[in-house]
Amino acid sequence: MEYTSLPGLDRPVSRIGLGTWVVGGWMWGGAEEKEAIEAIEAAVDAGICFLDTAPVYGFGRAEEIVGKAIGRIGRDRVVVATKAGLEWNDREEIRRNSSPERLRKEIDESLRRLGVDSIDLYQVHWPDARVPVEATAQALLSFQAEGKIRALGVSNYSPSQMEAWRKVAPLHTDQPPYNLFERGIERDVLPYCQENRIGVVAYGVLCRGLLTGKFAAHHSFAAGDIRRFDPKFQGDTFRRYLAAVDDLRPLAQGHGCTLAQMAARWALQQPGISVVLWGARRPTQILEAAQMPPTLLSDHDLGKIDRILERRIPEPIGPEFMAPPL
Ligand code: NAP
């Protein structure tokens, strides 16, 4: 396992982090708790110490499962990252709310569900246009002063929102979407983070499983699975992305790795990326990440990948469909 340091944290983190959205079940067609706990234990045993979760993942369920796993594994073996700033009602409708009052309520609930005294990295999940960024940043700063969190992070923020944040509080990390098919952050977010020494924890590195190469055009997703309405998984668009997957696969095989491992390696090699999150619901899925060969992709390989993407997907679709309503 490769390790790195993240600003604001005094211990190394694995460059692969385990993503636990799927573990909550919500938007992933359900999940099995026992398998999920085993996946977290397998990840940590294999050296993946960075765990990313959020209250909204299964409306508390993912955090509770992570908490149960931490109880078995031991708090000192993991770096726990969670988020705040999304609220939900009993119809499971979500909306953004980064007000200090909402965050104050969320922090204590997250600490309780996770069964920890402090959270290593606390991230604002989505920007909330109704609340000044500065007020949200101040709230996290006060949690830090109270010893409830260590590092301060945001997710899905633009450079101007991060700039506003940094006027009142340190910003240690950003968590944006990034994978071979979704490269929008290369334009502005990634250069901004690099210039300002903000750690980047990239999410969606497998493009919700598309970059594992396991899907065929006729695949039927379970009720409630996000991929039922993800634009990349629909009709001709899905077929175009699958054709790109087919073209990428031999390149991965040539390096003695799976397509998913190559996708993660590609992201890890991009300048400015600190950690990539790999979502997994069962041990075998995350062990594939842990077994990633150390081989780097050469400039020639990177060029080949770019040409495949240009040919198969001349007009890429971004991950914007995931943005929750205000
Ligand atoms: P992802 O990592 O791109 O894809 C994860 C999915 O791929 C898994 O749920 C699983 O789906 C499939 N998969 C993983 N390993 C596999 C393997 N070895 N073989 C076959 N299939 C495999 O997507 P993600 O979960 O959306 O993103 C990762 C993490 O990033 C999340 O868990 C969350 O922590 C974070 N995230 C953050 C935000 C944000 O707004 N900050 C947004 C999205 C995600 P199936 O088993 O269902 O096929």
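1. At a relative accessibility of 1%, Cys 193 counts as buried, where buried means under 20% relative accessible area, exposed over 50% and partly exposed in between, computed with a 1.4 Å probe on the protein chains only. This is a predicted model, in which local features need pLDDT of at least 70 and side-chain atom pairs count only at pLDDT 80 or more, while totals for chains, interfaces and linings use all residues. Residues are numbered from 1 along each chain as its sequence is written, and side-chain values use heavy atoms, with hydrogens and water left out.

2. Cys 207 is likewise buried, with a relative accessible area of 0%. Its sulfur lies 18 Å from the closest cysteine sulfur, that of Cys 257, which is too far for a bond. A search of the whole structure finds 0 disulfides, a disulfide being a pair of cysteine sulfur atoms within 2.5 Å.

3. The largest nonpolar core holds 117 residues, and Phe 50, Trp 165 and Phe 181 touch the most other members; such a core is a set of buried Ala, Val, Leu, Ile, Met, Phe, Trp, Tyr and Cys residues joined through side-chain atoms within 4.5 Å. When neighbours within four places in sequence are left aside, Trp 165 is in contact (heavy atoms within 4.5 Å) with residues including Val 124, Val 133, Leu 140, Tyr 157 and Pro 170.

4. Around the ligand there are 29 residues, of which the closest are Asp 52, Ser 155, Lys 214, Arg 227 and Arg 281; a residue is included if one of its heavy atoms lies within 4 Å. Among the polar contacts (pairs of N or O atoms within 3.5 Å), a polar side-chain atom of Gln 175 is 3.0 Å from a ligand nitrogen, and a side-chain N or O atom of Tyr 57 is 3.5 Å from a nitrogen atom of the ligand. A polar backbone atom of Gly 279 lies 2.9 Å from a ligand oxygen. Taken alone the ligand exposes 890 Å², of which the protein buries 94%, with areas from the Shrake-Rupley method and a 1.4 Å probe.

5. Helix α8 spans residues 235–254 and contains Asp 246; helices are DSSP runs of H or I with at least four residues, numbered from the N terminus.

How values were computed: Helix = DSSP H or I, 4+ residues; strand = E, 2+ residues; numbered from the N terminus. Polar contact = N/O pair within 3.5 Å; in protein donor to acceptor, adjacent residues only side chain to side chain.
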